[in-house]
Amino acid sequence: MAHNVDALYIFLLVVTGMMALLVCALVIYFAARFRYRPGIRAEQIEGSTPLEVTWSAIPFCVFLVIFAWGAAVYFKERTPPADATEVYVVAKQWMWKVEHAEGQREINELHVPVGRDIKLIMTSQDVIHSFYIPAFRIKQDVLPGRYTVEWFKATKPGVYHLFCAEYCGTQHSGMVGSIVVQEPAQYEAWVNASPNGPLSASGEKIFAELGCSTCHRADVQGRGPKLQGVFGKPVQLEDGRTVTADENYLRESILDPGSRRVKGFQPIMPTFQGLVSEEQVNALVAYIKSMSTAASGDGTRASAAGPQGAAQTQNNGSQVQ
Ligand code: CUA
């Protein structure tokens, strides 16, 4: 993203810099050219429509170019590619907690391989923070009570600064970390060194422990909606609206199930607000998503619902948490 943002920024600097120079030069020239001389009286000019239209129309067109260019960069920066690798981030006073889909957990560090699209799904445990990587030219507020998203593709190995860019209390300035961009082979070694099972497997375990599976059954229709294949699909609500079952909807349905209830189901699900941590909500969301990738036959992403995933769950069950 960086070169897009830089190109726009340099364009803005050049255009405004040239205008500033032009204005300064003309001020000096006119001051000298039309200075007071004894015996010469100033001629009064009553305005010129063509001149005024010109100096309004040209800047207007330049501003429109800046607007369209800025919008294009903005939408690109706001739209993660569909096949991006997902990483969950939980902010708290004063640290960044990172959970990879493969199960690695990190604090104030994020390891990524070079050349891969990374989508960060972020939330906060307390106040508003902001996830800022200056070298990648991306910054996104991280809010309590919902997910926000940002994405990047690192193109050069190295270690890059991570800052919190929203004042969040006494040690805000210490809420920093590093983005470690590695060559794919190095990254694989790092991944394999981690003892954790996939995040979705943690989610599956929590799903069973909380008894979710007694209502959200996989085999027959239970008292709650079936969750297989639900992620990313439109959902009919009891009040007649239709919503897309995205991360924020899944999250809300866990923490505040009554607010947007699926059509045809009774309001019997209890809230899990305060009973599950942000990390556990993330794991549950990852698990529900994994059911959908398995259902649609998309084998490219790690899926706990597949046969291999299920085996891994058993193997790693004791290490998760
Ligand atoms: Cu977190 Cu500032």
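Reader: Which residues lie nearest the centre of the largest pocket?

Author: Rolling a probe the size of a water molecule over the atoms shows where empty space is left. A pocket is an open set of points on a 1 Å grid over the protein atoms alone where a 1.4 Å probe fits, with protein on both sides within 12 Å along at least five of seven lines; lining residues have an atom within 4 Å of a point. Here His-216, Gly-224, Pro-225, Ser-253 and Met-269 lie nearest the centre, among 33 lining residues. The model is predicted: local features need pLDDT of at least 70, side-chain atom pairs count only at pLDDT 80 or more, and totals for chains, interfaces and linings use all residues. Residues are numbered from 1 along each chain as its sequence is written, and side-chain values use heavy atoms, with hydrogens and water left out.

Reader: Which element gives the most to the lining of the largest pocket?

Author: Helices (H or I, at least four residues) and strands (E, at least two) are DSSP runs, numbered from the N terminus. Helix 5 gives the most, with four residues.

Reader: Is Val-27 buried or exposed?

Author: Buried means under 20% relative accessible area, exposed over 50%, and partly exposed in between (1.4 Å probe, protein chains only). Val-27, found in helix 1 (residues 2-33), is exposed because its relative accessible area is 52%.

Reader: What about Asn-192?

Author: Asn-192 is in helix 3 (residues 184-192) and counts as exposed, at 60% relative accessibility. Asn-192 and Glu-102 are 90 residues apart in sequence and 9.6 Å apart in space, C-alpha to C-alpha.
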